[in-house]
Amino acid sequence: MYTELKIPGYVRDNVVVRDKGYGNYDINIYQNVSYNGKFTNIAGALNKGNLNLYDMNLLNPPHDNVFAWFQLEDLKEQSLREIEAAGKEMFFSGGTREQATEALQGLEENVKYVFYATLDKMVDYNEFVKFKKEKNSYANWCAVYTGGRIQNLGIECELLRSCNLGWDTKEYPEMIIWNHDEETQPLENKIENTEVMQTHFESMLRYMGEQESFLKMMNETSEIYKEAAEYIEENGMLIYGYSGIAKKEELLKMNEWSEIYAIEVSELR
């Protein structure tokens with residue numbers, strides 16, 4: 001749940017734990033799917049509620065300002081280009097839009113990157129699905145506005161992986177979209193359905209909001225998730241950006257689309 005909600009491009013869902021006794025555990029987090037032929041697994045230890053991973057960077061979410069909307073959440077009905085034209089100085093983790101474009105031009109050829117594309121206008125999920133189908137957007141995760149300060153919480157918008165997990169389906173309906181024994185075609189319809197995906201998002205948020213011990217290990221609190229679930233239930237889903245995996249040539253083409261304000265990239269691991 002945590003990696004789908006917060007860490008696009010680095011989803012992990014296979015954890016092996018060895019009990020050493022007295023509240024001490026060895027932990028191994030495995031990567032099951034790779035986009036570049038390389039697998040990055042994480043080892044660590046849980047000692048009486050303190051989590052120590054030997055590569056903490058892999059579970060770090062993207063920067064808070066990776067999407068340009070981080071500074072303008074109260075203006076969600078406008079476009080970023082309109083706001084910029086009115087005199088607002090725009091920036092995000094990639095710098096200005098011009099600096100971000102220069103960074104894309106300097107990328108290596110034929111190398112895959114995790115990218116974060118800021119949409120010029122926030123759109124509802126139906127409109128985002130239409131955009132994703134009409135364009136070869138490479139989107140596999142989308143960032144959902146959850147009210148107030150941008151939190152960069154989101155959902156997978158492609159069938160990337162299946163899970164063999166059991167959970168309380170009444171308490172958390174649609175929390176897992178793809179169980180390992182399900183056929184994919186009906187799921188394609190589900191992942192394009194706003195009602196289903198909003199329920200999926202709400203269930204993940206509510207579930208994560210109850211995992212206080214885990215969140216404490218990640219130096220987070222449950223309020224962000226609980227408040228986000230309440231906001232989405234009342235207001236629905238607006239998408240302000242998306243993430244995926246693409247090469248330089250594909251990113252440069254995407255950067256020219258009118259729907260895209262700017263693109264930031266990071267190393268794929």
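**Exercise 1.** Which residues are buried in helix H9 (residues 248-255)?

*Solution.* The model is predicted: local features need pLDDT of at least 70 and side-chain atom pairs pLDDT 80 or more, while totals for chains, interfaces and linings use all residues. Residues are numbered from 1 along each chain as its sequence is written, and side-chain values use heavy atoms, with hydrogens and water left out.

Step 1. Buried means under 20% relative accessible area, exposed over 50% and partly exposed in between (1.4 Å probe, protein chains only). Helices (H or I, at least four residues) and strands (E, at least two) are DSSP runs, numbered from the N terminus.

Step 2. Lys248, Leu251, Met254 and Asn255 are buried in H9. Viewed down the axis of H9, these residues fall within an arc of 125° and so line one face of the helix; the arc is that of the directions from the helix axis to the C-beta atoms.

Step 3. Glu249 and Lys253, on the other side of H9, are exposed.

**Exercise 2.** Identify the elements against which the buried residues of H9 pack.

*Solution.* With contact defined as heavy atoms within 4.5 Å, the partners are helix H3 (97-105) and strands E5 (113-124), E8 (238-246) and E9 (260-267).

**Exercise 3.** Describe the largest nonpolar core.

*Solution.* Step 1. A nonpolar core is a set of buried Ala, Val, Leu, Ile, Met, Phe, Trp, Tyr and Cys residues joined through side-chain atoms within 4.5 Å.

Step 2. The largest core has 47 residues, of which Tyr125, Phe128, Phe201 and Tyr242 touch the most other members. Helix H6 (residues 194-209) contributes the largest share, six residues.
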